[in-house]
Amino acid sequence: MTPLAQRATASFGSALLPQELGGPATAQLVERVERYVARLPAMSRMALRAGLLSVTAASYLTTGRSLTRLDPDARERVLRRIAALGPDAGAAIEGLKAIVLLANGADAYAAELLDRAAEHDVARPDAALDVTASLDCPSVLRADAAVVGSGAGGAMAARTLARAGLSTVVLEEGRRWTVEEFRSTHPIDRYAGLYRGAGATIALGRPAVVLPIGRAVGGSTVVNSGTCYRPPLPVQQRWCDEFGLTLAEPDRLTGYLDDVEQTLQVAPVPLEIMGRNGRLLLDGAAALGWQAAPIPRNAPGCDACCQCAIGCPRNAKFGVHLNALPQACAHGARIVSHARAERVLHARGRAQGVRARRPDGTTIDVLADTVVVAAGATETPGLLCRSGLGGHPRLGRNLALHPAVALAGRFDHEVTAWRGVLQSAAVDELHAVHGVLIEATSTPPGMGSMVFPGYGAELLGWLDRAAHVATFGAMVADRGAGRVFSVGGETLLRYNIARGDAAKLVTALEAMGKLLFAAGAVEVLTGLPAAPTVASLPALQDLLARSSPKRLHLAAFHPTGTAAAGSDAQHCPVDPRGRLRGVDGVWVADASILPSCPEVNPQMSIMALALAVADEIVADRQV
Ligand SMILES: Cc1cc2nc3c(=O)[nH]c(=O)nc-3n(C[C@H](O)[C@H](O)[C@H](O)COP(=O)(O)OP(=O)(O)OC[C@H]3O[C@@H](n4cnc5c(N)ncnc54)[C@H](O)[C@@H]3O)c2cc1C
């Protein structure tokens with residue numbers, strides 16, 4: 001970090017968490033932030049530094065002094081004044097705040113988090129995987145099938161292909177993580193290392209949407225919360241009837257979903273380990289007479305250390321790196337890590353393999369006449385475009401995010417939301433009619449402080465009361481209003497939420513408010529600048545009626561639909577069997593092929609469809 005950037009971080013930090021009022025020592029805060037910022041991609045780092053320097057400049061312009069020379073109240077006023085300039089300035093300050101709080105909180109709680117991991121033995125050892133780093137691989141490999149991406153879709157597809165006797169090579173851009181690393185690595189290094197772009201991916205729009213995406217052997221299943229829902233029957237029916245996606249025909253999909261559930265060992269969260277955050281959701285629902293239940297998860301042996309999002313330190317969360325991938329390897333599949341697929345090789349309308357780049361810039365070719373692209377909904381379109389296979393006008397479009405909003409509530413008693421299962425209980429009362437699914441969701445210790453309002457003394461007060469706060473999240477079934485595109489080889493995302501979906505988010509916030517107050521919350525943290533906290537449901541309803549959805553803080557974890565599969569050649573880049581249109585031998589088997597938002601957490605839908613696509617590949621090769 002340059003001395004100028006350090007000073008700008010110190011200034012902002014001193015306004016956000018003033019040392020004089022009990023915040024961390026400035027030098028320590030700068031170190032904590034730098035640890036994370038150093039891992040950001042260059043563009044994000046530049047944007048962050050520009051933001052911090054703008055705050056410094058704003059202080060000079062409005063007070064004639066640097067932030068650090070002002071007293072804590074005056075510093076806080078500077079931040080408030082900038083945030084009040086308009087939605088963009090407000091969002092920029094919130095973005096800076098989120099990064100500083102993430103880095104600060106992760107370090108402040110690092111010892112507790114690692115101690116918690118060490119309290120219990122691992123639930124299971126690391127799986128036997130045949131993984132070789134690309135630098136240790138020959139430049140040319142030959143196989144029957146090359147699979148790009150080792151996440152939910154890629155792993156399931158690779159397993160079927162390997163079991164059918166096809167020599168299979170899985171190319172994965174990320175690396176393999178071991179359980180020992182999850183038990184001993186600092187949380188911010190786990191976060192920065194396990195996510196694409198250090199977890200700072202954003203879909204541009206109003207409001208922008210924070211969109212973390214996993215990158216590791218095992219893909220996003222290594223960092224996901226383990227929630228396992230089957231796609232609702234009406235969704236399966238719609239995929240089948242409206243989109244002609246015969247793979248999703250309910251009778252057929254059921255068999256694949258059964259297989260996925262068995263592979264992942266899905267079971268509801270036991271009440272004994274759920275924790276207070278989830279129990280409050282169930283209490284609130286019971287008081288309202290709403291349908292609610294513990295969430296079915298793939299985490300056999302989970303002891304609720306609440307670290308799923310940065311890699312399970314007990315190997316209890318049962319991502320595909322612990323089941324489908326080792327099962328594929330047992331049948332001869334090989335995984336090449338640190339291999340970023342650059343292009344699908346093809347000639348005369350037929351797949352010939354995949355060229356991937358190693359970290360040192362050299363290339364490795366996997367020559368195969370079957371290519372399965374499973375790089376995830378945000379990366380698959382770019383790979384196909386780079387390969388000269390991006391001719392379909394709908395490729396990269398139709399991006400649904402299943403956007404989420406959070407609402408937190410303060411209770412008189414301790415909740416300690418991070419002592420319990422990270423995503424533990426769900427309310428589906430509003431699901432069928434409004435497409436709103438509410439889930440009690442916490443974050444790893446210290447990594448969720450961005451829900452707290454204010455700056456300076458107010459924010460520090462909230463950090464002191466963090467143990468009294470419960471957090472719920474709600475996702476809404478959305479239209480595919482977004483788009484993925486590439487600029488200079490980098491993936492960019494654009495998503496402007498549809499008006500109807502924004503209205504659903506407001507419905508979701510109101511419903512979560514009802515649940516929190518019904519469970520006994522004394523106030524609710526709204527995340528809205530007009531009234532960051534409210535003490536009653538009518539006050540929340542009034543606030544929501546007055547607030548623009550553009551001021552909501554949105555996050556999303558479930559991108560889908562950017563290479564939709566279906567029978568309509570005009571609308572669907574992928575055919576109903578999973579083949580990319582316009583070329584032979586290129587198949588797609590990841591979140592991209594879902595024709596619409598699955599309306600629930602999607603991993604089971606993706607895995608089941610990937611199994612179905614893989615069976616089509618095997619059938620095709622047998623003809
Ligand atoms: C924090 C978080 C929490 C979540 N929680 C849940 C949950 O509780 N339940 C649920 O159902 N879903 C959850 N999800 C979503 C779910 O994990 C994903 O929808 C699912 O894993 C997507 O599957 P996929 O195969 O499309 O992509 P991924 O699983 O993301 O796998 C894609 C893989 O491809 C690799 N890749 C990308 N580009 C290239 C390239 N060019 N070359 C080589 N490799 C490449 C990536 O590194 C990645 O490893 C969560 C997601 C996140 C991020």
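Visitor: Which residues are closest to the ligand, and how many surround it?
Guide: In this predicted model, 39 residues surround the ligand, and the closest are Glu172, Ser220, Thr227, Ala341 and Gln603.

Visitor: What kinds of residues make up that shell, nonpolar, polar or charged?
Guide: The shell around the ligand divides into 15 nonpolar residues, 16 polar residues and eight charged residues.

Visitor: Which polar backbone atoms sit by the ligand's oxygen and nitrogen atoms?
Guide: A polar backbone atom of Ala152 is 3.2 Å from an oxygen atom of the ligand, and a polar backbone atom of Gln603 is 2.7 Å from an oxygen atom of the ligand. A nitrogen atom of the ligand, in turn, is 2.7 Å from a polar backbone atom of Ala341.

Visitor: How much of the ligand does the protein bury?
Guide: The ligand taken alone exposes 1000 Å², and the protein buries 97% of that area.

Visitor: And which elements give two or more residues to the shell?
Guide: Those elements are helix 7, which covers residues 152-163, strand 11, which covers 340-347, and helix 20, which covers 603-622.

Visitor: Staying with helix 7, what about Arg159: buried or exposed?
Guide: Arg159, which lies in helix 7, is buried, because its relative accessible area is 1%, and the cut-off for buried is under 20%.

Visitor: What does the Arg159 side chain make a polar contact with?
Guide: The side chain of Arg159 makes a polar contact with the side chain of Asp259, at a distance of 3.1 Å.

Visitor: New topic, aromatics. How many aromatic pairs are there?
Guide: The count comes to five aromatic pairs. One of them is formed by Trp177 and Phe182, which are stacked with 5.6 Å from centre to centre and 5° between the planes.

Visitor: Are Trp177 and Phe182 buried or exposed?
Guide: Trp177 is buried, and Phe182 is buried as well.

Visitor: Why does the pair of Phe452 and Trp462 count as stacked?
Guide: The ring centres of Phe452 and Trp462 lie 6.0 Å apart and their planes meet at 10°, so this pair is stacked; the cut-offs behind that are centres within 6.5 Å and planes under 30 degrees apart.

Visitor: Where in the chain do Phe452 and Trp462 come from?
Guide: Phe452 is in the loop between strand 17 (436-441) and helix 17 (456-464), whereas Trp462 is in helix 17 itself, and the two residues are ten residues apart. Phe452 counts as buried because its relative accessibility is 5%, and Trp462 is buried too, with a relative accessible area of 3%.

Visitor: Which residues form an aromatic cluster?
Guide: Tyr36, Tyr191 and Tyr195 form one aromatic cluster.

Visitor: Let's move to His558. Where is it placed, and what does its side chain contact?
Guide: His558 is placed in the loop between strand 23 (554-555) and strand 24 (586-588), and a polar contact of 2.9 Å joins its side chain to that of His402. His558 is also buried, with a relative accessible area of 10%.

Visitor: What about the backbone, which peptide bond is cis?
Guide: The peptide bond from Arg206 to Pro207 is cis, with omega near 0°, and Pro207 is found in the loop between strand 5 (202-204) and strand 6 (209-210). For background, most peptide bonds are trans, and most residues other than glycine have a negative phi.

Visitor: Which non-glycine residues have a positive phi?
Guide: Among them are Gln265, with a phi of about 55°, and Ala304, with a phi of about 65°.

Visitor: Where are Gln265 and Ala304 found?
Guide: Gln265 is in the loop between helix 11 (250-264) and strand 7 (267-268), and Ala304 is in the loop between strand 9 (296-297) and helix 14 (324-330). Gln265 is partly exposed, with a relative accessible area of 41%, whereas Ala304 counts as buried at 4% relative accessibility.

Notes: Residues are numbered from 1 along each chain as its sequence is written. This is a predicted model: local features need pLDDT of at least 70, side-chain atom pairs count only at pLDDT 80 or more; totals for chains, interfaces and linings use all residues. Side-chain values use heavy atoms; hydrogens and water are left out. Rings of Phe, Tyr and Trp (its six-membered ring) pair if their centres lie within 6.5 Å; planes under 30 degrees apart count as stacked, over 60 as edge-to-face and the rest as tilted. Buried means under 20% relative accessible area, exposed over 50%, partly exposed in between (1.4 Å probe, protein chains only). Helices (H or I, at least four residues) and strands (E, at least two) are DSSP runs, numbered from the N terminus. A residue is near a molecule or strand if one of its heavy atoms lies within 4 Å of it. A polar contact is a pair of N or O atoms within 3.5 Å; within protein, one must be able to donate a hydrogen and the other to accept it, and residues adjacent in sequence count only if both atoms are side-chain atoms. Accessible areas come from the Shrake-Rupley method with a 1.4 Å probe; for residues, only the protein chains shown count as cover. Ala, Val, Leu, Ile, Met, Phe, Trp, Tyr, Cys and Pro count as nonpolar, Asp, Glu, Lys and Arg as charged, and the others, Gly among them, as polar.
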